[in-house]
Amino acid sequence: MALVSDSGKPDTVTSGATAAAFLRRLTPLAGVAGFLLLWQVFVVAWGVPAYLLPAPSAIGHAFISQLPLLLDHGWTTVYEMLAGYAMAVCIAIPLAIAITSSRRFNQLVMPTMLFFQIIPKVAIAPLFLVWFGVGPTPKILVAFLISFFPIVIDAAVGLRSMSTEMADLARSMGASRWQVFAQFRLPTSLPYLFSGLKVAATLAIAGTVVGEFVGADKGLGYLLLVTNSNMEAALMFATILALTIIGLIFYYLVEMLETFLIPWHVSHRVESGTM
Amino acid sequence: MKRRDIILSLMAAAAAVTLTVPAGAQTLEKFTFRLNWTLYGEHAPFFVARDKGFYKDVGLDVEILEGSGSTTVAQLTANATNPVSYVDAATMMRGINAGMPIKAVGVTLQQSPMSFIYRADNPRPSKIDQIKDSRIAITAGDASLAIFTAFMGKLNMKVSDVKLITVANPAAKEQAVLGGQADALLGYFMDQGPRMQLKSGVKMGWSRLTDMAGITTLSSAIIVNNDWVKDPKNLDQLKRFLAASQRGWEDTRKNVDDAAAIFIKAAPSFNTEIALLEINGTLSITNTKHTQGKPLFWSAKEDWQESQDLLEKYAGLTAQPDLGKYYTNEYLAQPPYTAGKK
């Protein structure tokens, strides 16, 4: 029994669908392009002085002509950010496991952790400058402190989210304590963990820049301050653009890792209307 | 009869009150003046004008606010948050180059006090060959980059030839040098040098950029927002402020000890010795050879031209065909500066 064949119109349907999908992908770009155009017209038509708001064309020109400089300082900031983030991941996840395994440990550690989270990083960064100088260490520490808490909290919530039914199921199948953890609790926690990792990814770049603002001789945060001092507004905006690009790339890298590790999760289910 | 008595006694009372009001007790107009930096000896003459009543004599209640760097403060004047402020002239020139609607109405320091300031036990850089790869601390937004870029240019070097360390605030700049994270800071010889020695007990030394490479530009100036000054009411206030300030600077030169005492009241962390050192250092650089004998704050076209030439040649400044874009002397008072007294 043959199903109703739609062979009558194969190519136009698929090419039409592809074109529509392509145009849909362009919509965010169109939004950005429209915004930039509006900005350019506004600056040129109203004669806005460069130090107040440079035109996108000037920013683009500064970005391209100073790319080596931006890459050089960008590498420093990226290195500091990744080191701080990696430290946060390596410490936060075991800590989350320890917190969820032992109530006493949780009560012991949680208040101190909360205390360090509440302290504004802007307030302690100058102390780091005095203790550790102007090298990468204070920036890595600030990036670590700012990324640490979201990862710990979300990992802990995730580790606690395994339902009792699943625990019963696991035990009824004769799983050891370790197997329950590694094959049931841990995978269940991954979606929550990645939520924390993504939040921390966006915070890490901000923490690194705060650290650089307090005292630095390299990095995009340092470059922001120097270009402001030299009244080079276009290059300053180009630096902000570079920071944004770094943040976006890092966020999407973490999201790609999430898709790879937990493709089965509801957040990656593709909407399809044909089934 | 009773009603008439009441009205008469009320009228008598009103007459008595108006007649006994002292002549000079009209309400003073509020006026805000933003300084370039945290308080140091160079600012003493403004406090003299305030505490000896010169501002009150011209009907102004002047509030003197600290700043955090000439670039930052110039931006505050450019956006009219603080339409009258005190910044480094070379920094102002770069600001005008970038489109800021500001102008100098009086130049108090006409030679540059910019210096490398370092610990005496690590006097680097005190010679030109020590400059390369030195770690130099600046506060982002302070006055140093304008003249430092010209200084390095004149020596055929670039700013990137030193390790420039930016820190968040004026105090951090000093901490960086005291703590050994930087070799030297860029500051004024009559500001950080004596003050750091006083506060920390560590012996400090300094090398003036003008001694090392003959680089000097016009330095501290009173600047205004061009749009703010178009309003006649504001202009009148400005002229009175300038006249009283000129009186304050003149009085400081004649009575340095008074000035030191007044300054210490405003900045209690200073002592008499350091205050005097800083005030005397300040008074030594108020004029150039072109402005000898001229009224206080009066600046010469030749000096503006020299500053512009230097910054154009070594710091990428675009020359203004009309130097009048940078400054005007027309609002200044003539000696004896009490013309505006009410």
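Modeller: Axes here are lines fitted to C-alpha atoms, for helices over the stretch in contact, and angles run from 0 to 180 degrees between N-to-C directions. Helices (H or I, at least four residues) and strands (E, at least two) are DSSP runs numbered from the N terminus. This is a predicted model, in which local features need pLDDT of at least 70 and side-chain atom pairs count only at pLDDT 80 or more, while totals for chains, interfaces and linings use all residues. Residues are numbered from 1 along each chain as its sequence is written, and chains are lettered from A in the order in which they are written.

Colleague: At what angle do helix H3 and helix H10 of chain A pack?

Modeller: Two packed helices are described by the angle between their axes and the distance between the axes. For H3 (residues 67-101) and H10 (residues 233-261) of chain A, the angle is about 45 degrees and the axes are 11 Å apart. The pair is therefore oblique; angles under 35 degrees count as roughly parallel, over 145 as roughly antiparallel, 65 to 115 as roughly perpendicular and the rest as oblique.

Colleague: Which residues of H3(A) and H10(A) meet?

Modeller: Contact means that C-beta atoms, placed from the backbone, lie within 7 Å. Leu70(A), Gly74(A), Thr77(A) and Val78(A) in H3(A) meet Ala238(A), Thr239(A), Ala242(A) and Ile246(A) in H10(A).

Colleague: How do H8(A) and H10(A) pack, and what is the angle?

Modeller: Helix H8 (residues 177-214) of chain A packs with H10(A) at about 165 degrees, the axes being 10 Å apart. H8(A) and H10(A) are therefore roughly antiparallel. Residues of H8(A) in this contact include Leu190(A) and Phe194(A), and those of H10(A) include Leu243(A) and Ile246(A).

Colleague: In what order do the six strands of the open sheet stand?

Modeller: Strands of a sheet pair through backbone hydrogen bonds, either parallel or antiparallel. Here two strands pair if DSSP finds at least two bridges between them. The order is S1(A)-S7(B)-S6(B)-S8(B)-S5(B)-S9(B), with mixed pairing. S1 (215-216) of chain A and S9 (204-208) of chain B stand at the edges, each with a single partner strand, so one side of each is left without a neighbour in the sheet. S6 (residues 135-139) and S7 (residues 163-167) of chain B run parallel and are joined by five bridges. Arg135(B) has Lys163(B) in S7(B) as its bridge partner.

Colleague: Which domains does the assignment give for chain B?

Modeller: Domain bounds come from an automatic or database domain assignment. That assignment gives domain 1 (29-111 + 218-325) and domain 2 (114-213). Their centres, taken over C-alpha atoms, are 23 Å apart. In contact are 27 residues of domain 1 and 19 residues of domain 2.

Terms used: Two residues are in contact if their C-beta atoms, placed from the backbone, lie within 7 Å.
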